[in-house]
Amino acid sequence: MYHKDGVDYFVVDGHIHFWDASEENTANKYGEGFIRCFYDYQRNLSPKEWVWPLEKFRKYSEQDILHDLFETGYVDRAIFQPTYLTEFYTKGFNTTESNGALARKHPDKFIVNGAFDPREGEAGLDRLEQLAEEWNLRGRGVKLYTAEWRGDSKGYKLSDPMALTYLAKCEELGIRNVHIHKGPTIWPLNRDAFDVADVDAAATAFPGLNFVVEHSGLPRLEDFCWIATQEPNVYAGLSVVLPFIHSRPRYFAKVIGELLFWLDEDRITFGSDYAIWSPKWLIESLVDFQIPEDMQSEYGQLTTDFKRKVLGLTMARLYDIKVPESAQIKDAGTVAA
Amino acid sequence: MSAVATGTPPATEEAAVRSRQVTEALAAVLDPELDRPITELGFVHGVSVDGGRVTARLRLPTYFCAPNFAWLMVDDARRALAALEWADSAEVVLEDHFASDEINAGVACGTGFDEAFPALADAERLDGLREVFLRKGMIASQGRIGRRLLAHGWTPQQLADAKLGDLPERVGLPLLRRRRALGLPSSTGAPAFVDESGRAVPASGIERHLTLARTTEVGIDANSEMCKGLLAVRYGEDAVLPREGAA
């Protein structure tokens, strides 16, 4: 919980990782390139005091994550979004299993999501079923990385028939939230696979599932916004977007302004993308932030209630997380999904 | 070569002219993803002209910048320099990139991207990518022009009726360049505000067209905002011109 000026902000960090990119686990130059690309993101957009040494960034400890999120970072609940990348890392980069081990130790703090890859075909459907059972994914979610390499394939689309079969399986298993990475190109992943158009077909076919587009489709913002205006079950995830708030505040104002213009304030959600960025400075910055005055005629202002929804209330609704009375918005017009 | 014999200006003046022409040529090379000239982005680290021999050195924001985009820029830069009338040889060297060797050698020999990077090629489809970004740039460019004209009192109807020839030259030039590159109508009589496939936008659609163009521009800027920071992380703050706060 974050308190500022008499307001309680319940915080759900909707996008965190517990990865291993240690040298021992890095399988090839692609794995090396991937983690260094991540590291450049941290160095680029974080305040200086939040930049880690590369060694720590490659592999951080359980103590680090507990400290940065819950002891100093105001986070009430955090959601693991696994990213396997088994072609780049011997034991995988950030798997449901490695996330889940931590979540089991701290069930009041973490929620672990699953993942699937439709290129695994029929066999993968059974695996998804086992995963859902083992990690109790009912009412929770999956993270999809459409750009992930697999054999000769450099990615897939959510609109592929097999992907739709998997989504139907999710619905059957009670998995409610589908997080899809659609963001800036991270070498060596192919950017075609970050195209957002395939979300449209999936969201139309499954109105009962919520689709959280992580990184809001940047830099394909207009494509994402266009889809989100037509599909009420499509959400914007702010990881990668929010960190611009520190060194590029006017740019951040533009993106959040565009999102508010095309979507509505109940469909924009916070995620730190830890350990790329840490929640403490992101949360403090967002609560203090306002659209610069000369841009308000175009984009309006951010209200306190909007910030409360972004930081936790919307994600709490998607994941059925109980919010303390003090942090709830009185007379909220929204009802549980 | 002999400057005196051909009656061209004295050598030092000639060198100055040539060096200016090199800069101008490179200014027409866009980062395909950022839709901005590589000269503005701080990607040109140095140029040298030695008679008819011209060399440019490029550097990018990260060691692991996607090789396909790096390739496009190096290749475009080499073509732009080779097109200079006086250039007998044009070389572009990409520095400090994990794939510098492959790219420099491949571009110099005219090898295709696919041959230089067989593992990445199947899904990259370089020309398709180039076109996607040009189209986005073309739309974003209309947004900037349209908002400026509206601020000067133009009405949506006037925008819908406007031809390319009606736009003030400086304002219209970036749009014209992209229209030409895309093979869309670019004569003075062609409509100024068109959708992605070149169809004129009616007056009733102008407002939405310009809003979507604004959003497109904010999207494109995500990369340039990110890359400027990355370049500064790598080469120091002086590597790029500050842009935050500029209109």
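Against which elements of chain A do the buried residues of α11(A) pack? In this predicted model, in which local features need pLDDT of at least 70 and side-chain atom pairs count only at pLDDT 80 or more, while totals for chains, interfaces and linings use all residues, the buried residues of α11(A) pack against β1 (2–4), β2 (7–9), β3 (12–16), α3 (62–71), α9 (244–247) and α13 (304–318) of chain A. Residues are numbered from 1 along each chain as its sequence is written, and chains are lettered from A and ligands numbered from 1 in the order in which they are written. Helices (H or I, at least four residues) and strands (E, at least two) are DSSP runs, numbered from the N terminus; two residues are in contact if their C-beta atoms, placed from the backbone, lie within 7 Å.

Helix α11 of chain A, residues 279–288, has as its buried residues Pro279(A), Leu282(A), Ile283(A), Leu286(A) and Val287(A), where a residue is buried if 20 or more other C-beta atoms lie within 10 Å of its own, exposed if 12 or fewer, and partly exposed in between, with C-beta atoms placed from the backbone. Seen down the axis of α11(A), these buried residues fall within an arc of 125°, so they line one face of the helix; the arc is that of the directions from the helix axis to the C-beta atoms.

Chain A also contains an open sheet of five strands in the order β6-β7-β8-β9-β10, with parallel pairing, two strands being taken to pair if DSSP finds at least two bridges between them. Strands β6 and β10 (268–269) of chain A stand at the edges, each with a single partner strand, so one side of each is left without a neighbour in the sheet. Helix α7 (residues 197–205) of chain A packs on this sheet, touching β7, β8 and β9 of chain A, and its direction makes about 165° with that of β8(A); axes are lines fitted to C-alpha atoms, for helices over the stretch in contact, and angles run from 0 to 180 degrees between N-to-C directions.

Within the sheet, β6(A) (residues 141–144) is joined by four bridges to the parallel strand β7(A) (residues 177–181), and Val142(A) stands opposite Val178(A) in β7(A). Both faces of β6(A) are covered, with Gly141(A) and Lys143(A) buried on one side and Val142(A) and Leu144(A) buried on the other. Strand β7(A) in turn pairs with β8(A) in the parallel sense over five bridges; Ile180(A) stands opposite Val213(A) in β8(A), and the bridge partner of His179(A) is Val212(A). Five of the five residues of β8(A) (residues 210–214) are buried, so this strand is largely enclosed by the rest of the structure. Asn210(A), Val212(A) and Glu214(A) lie on one covered face of β8(A), and Phe211(A) and Val213(A) on the other. Strand β8(A) pairs with β9(A) (residues 234–237) in the parallel sense over four bridges, with Val212(A) opposite Tyr235(A).

In chain B, an open sheet of three strands has the order β3-β4-β5, with mixed pairing. Its edge strands are β3(B) (44–50) and β5(B) (89–94), each of which pairs on one side only, and the twist averages 10° from one strand to the next. Six bridges join β3(B) to the antiparallel strand β4(B) (residues 53–58), Val44(B) standing opposite Leu58(B). Helix α2 (residues 67–82) of chain B packs on the sheet, where it touches β4 and β5 of chain B, and its direction makes about 160° with that of β5(B). Strands β4(B) and β5(B) pair in the parallel sense over six bridges, and the bridge partner of Val54(B) in β5(B) is Ala90(B). The covered face of β5(B) carries Ala90(B), Val92(B) and Leu94(B), whereas Ser89(B), Glu91(B) and Val93(B) belong to the uncovered one.

Between the chains, the axes of helix α10 (residues 249–262) of chain A and helix α9 (residues 206–235) of chain B come within 10 Å and cross at roughly 140°. Tyr251(A), Lys254(A), Val255(A) and Glu258(A) in α10(A) meet Thr215(B), Val218(B), Asp221(B) and Glu225(B) in α9(B).
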